[in-house]
Each structure stands twice: as structure tokens, then as C-alpha cells.
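Hi,

Here is the structure I promised to pass on.

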Amino acid sequence: MDSTDLEVLKELSISNLTVEPHRMKATYRVTKSDGSEEENNLIYKYEEDVFDPDSAESLNLASMMAAQVAINYGLFCKKITFDGVYEEADVRFILDMIENTAREIYVNKFLFPNEFLLAPYDELEAVKQKRYCNAKVVFVNTKFPDAQPQWKFRESDKESVVILSSGGKDSLLTYGMMKELGKDVHPVYINESGRHWFTAVNAYRYMQENEPNVSRVWCNSDRIFPFMARQMPFIREDFASVKSDIYPIRLWTVAVFLFGVLPVTRKRNAGHVLIGDEYDTTVKANHQGITH
């Protein structure tokens, strides 16, 4: 078995983009090999108006936000369709990241020990390939054909910083450092639908009372990831009850939250977005001839 044996889904489509002043939604539809379909909605919700539904720029940003979860699944699909407003640079970014993430998942989730995998997928042999993404990636725009975003330089306030905040020590330390430096600091908390919010809620409540720039984004990506995991025949059915320091197969995760703070960053004209140390390693490694 090699990475081509992991192509278990006929198609994943990200479509039906809906953009409202304080919310965006997109449908994740999975078509299985037997032709049956299942779908779920990815949602981001804000405490303030951050989108202009009539603006091509807002539709473009929402489309990119909708795409991030799907970047994890190029290894497993015959086809992925992104239906939204995308520029050439967006297409290059998504294609590059899908290919890179497919290789990373192949090596780190299938060639290394992974307690979430069922046999025989836990015994794959390393096969070096020119391309690891199995999916044909297609970009269409069926809902907003008149939306044509144009890149333009936008002045931003370089003294204003948004901090992707989790309540963890990295983001709290970053917040304190920026405050001491006299910056205009905007901590933005991603309120996931899952248990991750438990680690953030105490810090968020404190900042609600003491930091006027605090903001919260509700996001249900923690429901979409398990939805996708349930479509994979090689993941054990009780994956949600397994206590582990790793996710079953996904690796492209931080960008889901990073893109989630961009609407607030854009509205507040902040010049920087700061995140905690999310690097597992800075070393480029090689596993049986495959770099990762």
C-alpha cells in the first residue's frame, strides 16, 4: 500500500458560501465512493460586524476562511471543489498547502506510529512519489460571478497588533509584552465548539472586564474535523474517546484559527497578527527518502 490507497472519498466540495455582516458559513459536502453524500456547515460568528456581504473583498476573505479545513484532505479525495471567490494568489496558496500537507500527513500520520489507525493502514510502506495530493483540485464561482476582488495596498496601523489568543502561556505572555511596549493590543479569542474553550474561557472572562479591545470569534471547526474523520474507513470508530496528544489525521489546524481573526484584524486596521509558538520543529527531516 502507498499514498494512492488512501484515496477513499470521491469528492469533497466546499460550497454554498453565505456571508453576513457578523457571520460566514460554508457547506462541506462529502461524496463517498458508493455515491452517498453527507454534509455539514463550517461557521464563523463574530461579536461585531466584520463583513460587507456586497464587497468582493469580504467574499474573497470568507472564501479563504472556508477553505482552510479542507486543506487537510487532499490525500484522501479523488476531487476537491472550492466554490467561492478566489484570486490567482489564493489558488497558488491553496494548491501549495494541500500538496505540502498531504506529504506531511502521509509521513507523520501513516508512516509513524498512530494509535487512531486501523489495520492494514497502520502498516504502510514508505513510497517516495512526485505528488502526494491525490485530489484533482478545482476552483469555481457559481454563487458570486460578478465578484472580482482586486488586490490593492492598504495602509494599516503598525502600532496596532492582534493576538490570536487561547488563554495559554504563549498568547498571554505575548499580550503582556505588547502592553508593556505600549502597543494598541487586540486579543482575539477563538471560541471553539469543543473542549478547547475550557482552557481559554478564564482568560477571556478576565479580559472582558479589563481589556476593551478583546474580541471573541465562535467557530465550529471542532465539529467539522470529527465529521470528516468519520468519513475515513481507516480511523477507528471510537477515535473521540481516545486520550492522545495528537489528532487522528489532521495537521493543518492553526491556519483555521489564524484566518478566523483576519476579519477583525482588517476591520480594526491592525498592522500585525501575533501567534504563539506553533512550530513542532524547525528542522527539515527525512524519512526513508521523503522530506517532511
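R268 is partly exposed, with a relative accessible area of 22%. Before you read too much into that, remember that this is a predicted model, so treat everything below as computed from it.

What does the R268 side chain meet? It forms a salt bridge with the side chain of E48, at 2.6 Å from N to O. The two come from distant parts of the chain, 220 residues apart: R268 belongs to helix 6 (residues 254-268), while E48 is in the loop between strand 3 (37-46) and helix 1 (56-67). E48 has a relative accessible area of 18%, and it counts as buried because the cut-off is under 20%. R268, at 22%, falls on the partly exposed side of that cut-off.

One more pair to look up is R236 and D238, whose closest N and O atoms are 2.7 Å apart in a salt bridge. Both partners are partly exposed: R236 comes out at 27% relative accessibility and D238 at 34%. How many salt bridges does the structure hold? The count is 12, and the ones I've described are among them.

Now for some helix packing. The axes of helix 1 and helix 2 (residues 88-111) come within 12 Å and cross at roughly 5 degrees. An angle under 35 degrees counts as roughly parallel, so that is how helix 1 runs relative to helix 2. Which residues make the contact? From helix 1 you have N60, M64 and A67, and they meet D90, F93 and I94 of helix 2. By type, the residues of this contact divide into 4 nonpolar, 1 polar and 1 charged.

If you open the model, I'd start with the E48 and R268 pair, then go over to where helix 1 meets helix 2.

Cheers

Terms used
Residues numbered from 1 in each chain as written. Predicted model: local features only at pLDDT ≥ 70, side-chain atom pairs only at ≥ 80, totals over all residues. Heavy atoms only, no water. Salt bridge = Lys/Arg side-chain N within 4 Å of Asp/Glu carboxyl O. Helix = DSSP H or I, 4+ residues; strand = E, 2+ residues; numbered from the N terminus. Buried < 20%, exposed > 50% of the residue type's maximum accessible area, 1.4 Å probe, protein only. Axes fitted to C-alpha atoms, helices over the stretch in contact; angles between N-to-C directions. Parallel < 35°, antiparallel > 145°, perpendicular 65-115°, else oblique. Contact = heavy atoms within 4.5 Å. Nonpolar A, V, L, I, M, F, W, Y, C, P; charged D, E, K, R; others polar.
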